[in-house]
Amino acid sequence: MAQRVATEYKKLVLELNTWQMQSFIEMFQRGEFNTEVRVYDNGEKEIVLFDREEEIPLSFKLVGNLYTFEGGYTIRDARLANHMRQAVRRFKGTAVVHRMYPTYTMIYHYSEGKVMKIIEQKGDSQTLVFEYRDTVGDLQRLYEAQGVEAQIAWLRVYIDQLLDLRNRHQVSQLPTEEIDRQLASLSHQLFVLEA
C-alpha cells in the first residue's frame, strides 16, 4: 500500500463549547503529542500542535459561548493526522481533507463528523469512490410523498362526487351554496398538496 505523504485540511470548521474545547485539548495531550495552549485577553484560544518540529496553530475565536475554528493546514505526521481525523469525527467537524500519496490524492468531504464523499484524484481525472446515501431518509421521504399522492387521489374522488351532487341539485333546482363552499375548500387543499 502506498505511503501517505501528507494530509492537507483545505478547510476545517469546528465549533466547540467550553467543555468540548477542554476535551479537544486533552485528546491531543493524552495522545502524547507536543501541544501548546495560548489564551488571549479576549478569551480566545490558540492550540498549537507540533508536527515534525513545525507548528500547526489552530486559532479558536470566541463567538458567544462557542469556540470556533475555521481554516486550513497541512499535517505530515501520520499519527497526528489520524488523531485529527478522530477529532473531526468526535467533535462533528465539517471539512475537506486531501490525503496525498505519491501518485494520487484521496479527497474526503466531512459533514458533522461523517464522511459524505470520497474522491480519488489522479492528475486531472477524478473518480467517485464513496458517497453517503441517506437510505432511511430517502425511504421516509418516498413514503411521505406517496401519502400526499394518496391524499390528492382521495380529494379528486371527493371533488368529483361533490360535482355530481351539485349537478343533480341544479337539475332539481335545489340550493348549491353549501356544496360550492365545500368545493372551494377542497380545491384549495388540492392546490396546496399539488404544489
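Over the ring of which residue does the charged end of arginine 99 sit? The ring belongs to tyrosine 108, and the charged end of arginine 99 lies 4.0 Å from the centre of that ring. This contact is taken from a predicted model, as is everything below.

**Overall form**

The protein chain contains four helices and nine strands. Along the sequence these elements come in the order β-α-β-β-β-β-α-β-β-β-β-α-α. The C-alpha atoms occupy a box of roughly 95 × 45 × 25 Å along the principal axes. The radius of gyration of the protein chain is 29 Å, whereas a compact globule of 195 residues would have one near 16 Å.

Of the 195 residues in the protein chain, 31% are buried. The accessible surface amounts to about 12800 Å², and carbon and sulfur atoms account for 50% of that surface. Taking contacts between residues at least 6 apart in sequence, 48% link residues at least 24 apart.

**Helix 1 and its surroundings**

Helix 1 covers residues 18–30. The buried residues of helix 1 are Met21, Ser23, Phe24, Ile25, Met27 and Phe28. An α-helix has 3.6 residues a turn, so residues three or four places apart point the same way. The buried residues of helix 1 pack against strand 1 (6–16), strand 2 (35–39), strand 3 (45–51), strand 4, strand 5 (66–75) and helix 2 (78–90).

**Aromatic pairs**

Across the whole structure there are 10 aromatic pairs. One of them joins phenylalanine 24 to phenylalanine 60 in an edge-to-face arrangement, with 5.7 Å from centre to centre and 70° between the planes. Phenylalanine 24 belongs to helix 1 and phenylalanine 60 to strand 4 (residues 54–63), so this pair ties together parts that are 36 residues apart in sequence. Both phenylalanine 24 and phenylalanine 60 are buried.

Phenylalanine 60 also pairs with phenylalanine 69: the ring centres are 5.6 Å apart and the planes meet at 45°, so this pair is tilted. Phenylalanine 69 is buried, like phenylalanine 60. These residues belong to one aromatic cluster, formed by Tyr9, Phe24, Phe28, Phe33, Phe60, Phe69, Tyr73 and Phe91.

How accessible are some individual residues? The table gives the relative accessible area and the class for several of them.

| Residue | Relative accessible area | Class |
|---|---|---|
| Leucine 49 | 1% | buried |
| Threonine 176 | 12% | buried |
| Threonine 135 | 48% | partly exposed |
| Lysine 92 | 56% | exposed |
| Glutamate 32 | 71% | exposed |

Leucine 49 lies in strand 3. Leaving aside neighbours within four places in sequence, leucine 49 is in contact with Phe28, Asn34, Thr35, Glu54, Glu55, Ile56, Leu58, Leu80 and Met84. Phe28, in this list, is one of the buried residues of helix 1 and a member of the aromatic cluster.

Threonine 176 is located in the loop between helix 3 (135–171) and helix 4 (177–194). Not counting residues up to four places away in sequence, threonine 176 touches Arg166, His169 and Gln170. What distance separates the C-alpha atoms of leucine 49 and threonine 176? The separation is 79 Å, for two residues 127 places apart along the chain.

Threonine 135 is part of helix 3. Between threonine 135 and serine 111 there are 17 Å in space, C-alpha to C-alpha, and the two are 24 residues apart in sequence.

**Two loop residues with positive phi**

Most residues other than glycine have a negative phi. Glutamate 32 has a positive phi, near 60°, and is placed in the loop between helix 1 and strand 2. Lysine 92 likewise has a positive value, with phi near 50°. Its place is in the loop between helix 2 and strand 6 (94–100). Glutamate 32 is exposed, and lysine 92 is exposed as well.

Conventions. Residues are numbered from 1 along each chain as its sequence is written. This is a predicted model: local features need pLDDT of at least 70, side-chain atom pairs count only at pLDDT 80 or more; totals for chains, interfaces and linings use all residues. Side-chain values use heavy atoms; hydrogens and water are left out. Rings of Phe, Tyr and Trp (its six-membered ring) pair if their centres lie within 6.5 Å; planes under 30 degrees apart count as stacked, over 60 as edge-to-face and the rest as tilted. Buried means under 20% relative accessible area, exposed over 50%, partly exposed in between (1.4 Å probe, protein chains only). A charge sits over a ring if NZ of Lys or CZ of Arg is within 6 Å of the ring centre and within 35 degrees of the ring normal. The radius of gyration is taken over C-alpha atoms; the globule rule is 2.2 Å times the number of residues to the power 0.38. Contact means heavy atoms within 4.5 Å. Accessible areas come from the Shrake-Rupley method with a 1.4 Å probe; for residues, only the protein chains shown count as cover.
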